[in-house]
Amino acid sequence: MSKDAVHTAQVAATPEATGTPADAGDAGYSKDLKHRHVNMIAIGGAIGTGLFLGAGGRLHDAGPALALAYLVCGVFAFFVVRALGELVLYRPSSGSFVSYAREFLGEKGAYVAGWMYFLNWSTTGIADITAIALYTHYWSLFTPVPQWVLALIALAVVLAVNLISVKIFGEMEFWFAIVKVATLVAFMCVGIFLLATQHDVGGQTPGLSVVTDHGGVFPHGLMPVVLVMQGVIFAYAALELVGVAAGETAEPEKVVPRAVNSIMWRVGLFYCGSVVLLALLLPGSVYSVDESPFVTVLSRIGVSGAGDVMNLVVLTAAMSSLNSGLYSTGRILRSMAMAGSAPRFTRVMSRSQVPYGGILLTCCVCVLGVVLNYLVPSQAFEIVLNVASLGIVSTWVIIMICHLVFVRRAKAGLVTRPSFRLPGSPVTEIATVVFLLACLGMMANDPDVGRKTLLLIPVIGLLLVAGWFGVRRRVSREAEQELRDITR
């Protein structure tokens with residue numbers, strides 16, 4: 001039985017008519033995420049270690065023009081989330097873009113979207129527990145503890161939080177986001193005070209002269225700014241969590257538009273604003289990839305304990321990312337399992353309405369990260385971070401392709417677009433896809449890591465093809481059962 005037949009039957013028998021969800025994977029969830037939870041999940045997705053830690057090295061390479069790079073990448077990231085937000089209002093689903101890929105691209109599209117997203121978050125989870133262990137070693141109290149032990153403890157704590165209930169997950173993300181936002185606001189207040197009073201910062205008088213006296217906005221030319229975008233775009237990873245969380249909120253039509261629309265000004269304020277402040281306080285050459293730029297500034301003005309505070313914040317950001325990864329992959333894998341393209345055990349849910357099967361599968365991959373931390377503790381972080389980048393780009397590209405097909409069907413009268421829309425379609429989607437693929441192609445300029453990462457693409461492609469041949473019969477059986485249920 002073809003998926004086209006199933007889709008035809010779904011059109012004839014809408015969820016409202018049958019009383020069942022459009023996606024079988026959406027059944028059984030609680031609606032315990034409140035507006036403040038989803039709002040902070042959106043903030044948490046937009047603010048992470050890419051800003052708190054990664055901005056130092058990028059400022060060193062690109063100079064003040066890094067703010068422009070964050071702005072350009074932020075615009076395209078906003079387009080992705082806006083497109084996903086429109087799809088969410090059309091049909092909220094905990095399966096998020098995997099569910100939409102199933103509807104608009106077929107089961108093969110959903111299969112690729114789901115497993116690439118799983119690749120993204122499972123490897124990001126390894127990077128997160130590695131980062132947590134490294135950040136914890138900053139304090140002498142934890143130095144004697146092996147890195148792999150700290151990684152295992154972090155994984156166990158976040159796993160326990162995810163298995164209890166979605167409400168506990170939401171609360172944890174809420175407070176993680178509060179810590180990150182409060183830190184940024186506090187630093188920006190300090191930075192503005194330093195600018196207004198012309199307070200000495202490490203022998204420099206803050207202001208425009210810091211920029212003009214050290215090569216201007218583009219101290220090293222345009223090319224370093226272009227090359228740094230490949231790292232900047234990955235700093236925005238996790239924004240798509242808003243779409244997953246919408247499936248477990250009672251009023252997505254009210255919550256999602258506010259959360260999505262707020263992302264753009266937050267990107268402008270927190271990313272671009274803080275980078276502009278950093279550039280006006282100290283020359284780009286002073287910043288380093290080995291130190292948070294915020295610590296660099298605060299240490300230059302004699303703030304004691306700045307390193308401890310910022311290390312705690314970066315540790316919080318890594319815990320937040322790990323928490324979000326387990327949450328989202330659990331929901332995505334359940335949606336896939338209900339269609340037959342993921343292991344059957346990932347569809348099971350606990351009494352507290354948590355899809356623990358998928359969460360445990362992701363956790364098992366993260367345990368491999370604990371092994372990696374045991375074998376090669378100095379290389380674990382770099383190895384997995386570059387693999388995760390492939391999953392991030394593929395996820396965002398699939399979201400935009402799904403939206404293109406959705407708009408085409410809306411024009412044909414097959415579906416109805418909500419009033420909350422992505423502007424400029426189809427130009428917006430096409431431009432975003434081209435930009436994302438260009439960012440991926442820029443990795444070829446890095447001979448040590450980037451090119452090796454790109455060589456993984458055909459390997460991953462072969463694994464996906466082999467996996468599809470392994471699950472296609474089960475997918476076909478699930479599709480036939482779905483058709484019988486719909487037409488019954």
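Is Thr-395 buried or exposed in this structure? Thr-395 is buried, with a relative accessible area of 2%, where buried means under 20% relative accessible area, exposed means over 50%, and partly exposed sits in between (1.4 Å probe, protein chains only). This is a predicted model, so local features need pLDDT of at least 70 and side-chain atom pairs count only at pLDDT 80 or more, while totals for chains, interfaces and linings use all residues. Residues are numbered from 1 along each chain as its sequence is written, and side-chain values use heavy atoms, with hydrogens and water left out.

**Helices**

A quick note on naming: helices (H or I, at least four residues) and strands (E, at least two) are DSSP runs, numbered from the N terminus.

- Helix H8 covers residues 107-136, which makes 30 residues. From first C-alpha to last, H8 reaches 43 Å, close to the 44 Å expected at 1.5 Å a residue; the expected span is 1.5 Å times one less than the number of residues.
- H8 is mostly covered, with 26 of its 30 residues buried.
- Helix H19 (residues 427-441) has 15 residues and spans 21 Å between its end C-alpha atoms, close to the expected 21 Å.
- On H19, the buried residues are Thr-428, Glu-429, Thr-432, Val-433, Phe-435, Leu-436, Cys-439 and Leu-440. Looking down the axis of H19, these buried residues fall within an arc of 165 degrees, so they line one face of the helix. The arc is that of the directions from the helix axis to the C-beta atoms.
- The exposed residues Val-427 and Val-434 sit on the face of H19 turned away from its buried side.

**The cavity**

- Rolling a probe the size of a water molecule over the atoms shows where empty space is left.
- Here a cavity is a set of points, on a 1 Å grid over the protein atoms alone, where a 1.4 Å probe fits but cannot get out; lining residues have an atom within 4 Å of a point. Grid points are joined across faces, edges and corners, and a volume is the space filled by probe spheres set on the points.
- The count comes to 1 cavity of 30 Å³ or more, and the largest cavity has a volume of about 30 Å³.
- Its lining is made up of Val-81, Leu-84, Gly-85, Val-88, Val-242, Gly-243, Val-256 and Val-260.
- Helix H6 (66-90), helix H13 (241-245) and helix H14 (252-281) each give two or more residues to the lining of the largest cavity. The largest share, 4 residues, comes from H6.
- By type, the lining of the largest cavity divides into 6 nonpolar, 2 polar and no charged residues. Ala, Val, Leu, Ile, Met, Phe, Trp, Tyr, Cys and Pro count as nonpolar, Asp, Glu, Lys and Arg as charged, and the others, Gly among them, as polar.

**Aromatic pairs**

- The structure holds 15 aromatic pairs. Rings of Phe, Tyr and Trp (its six-membered ring) pair if their centres lie within 6.5 Å; planes under 30 degrees apart count as stacked, over 60 as edge-to-face and the rest as tilted.
- One of these is the edge-to-face pair of Phe-187 and Phe-294, at 4.6 Å centre to centre with 80 degrees between the planes. Phe-187 lies in helix H10 (residues 166-197) and Phe-294 in helix H15 (residues 293-300), so the pair ties together parts that are 107 residues apart in sequence.
- Phe-187 and Phe-294 are both buried.
- Tyr-70, Tyr-236 and Tyr-271 are linked into a cluster by ring pairs.

**Contacts across the sequence**

- Thr-395 belongs to helix H18. Thr-395 and Gly-114 are 281 residues apart in sequence, yet 8.4 Å apart in space, C-alpha to C-alpha.
- Ala-101, in helix H7 (residues 96-105), counts as buried at 0% relative accessibility. Between the C-alpha atoms of Ala-101 and Phe-406 there are 9.9 Å in space, and 305 residues in sequence.
- Ser-165 is in the loop between helix H9 (147-164) and H10, and counts as buried at 16% relative accessibility. The C-alpha atoms of Ser-165 and Gln-353 are separated by 7.1 Å, with the two residues 188 apart along the chain.

- Ser-425 and Pro-426 are joined by a cis peptide bond, with omega about 5 degrees. Pro-426 lies in the loop between helix H18 (380-411) and H19.
- Gln-198 is not a glycine, but has a positive phi of about 55 degrees. Gln-198 is in the loop between H10 and helix H11 (208-212) and is partly exposed, with a relative accessible area of 43%.

Methods: 1 Å grid on protein atoms, 1.4 Å probe; cavity = no way out; pocket = protein on both sides within 12 Å on 5 of 7 lines; lining within 4 Å.
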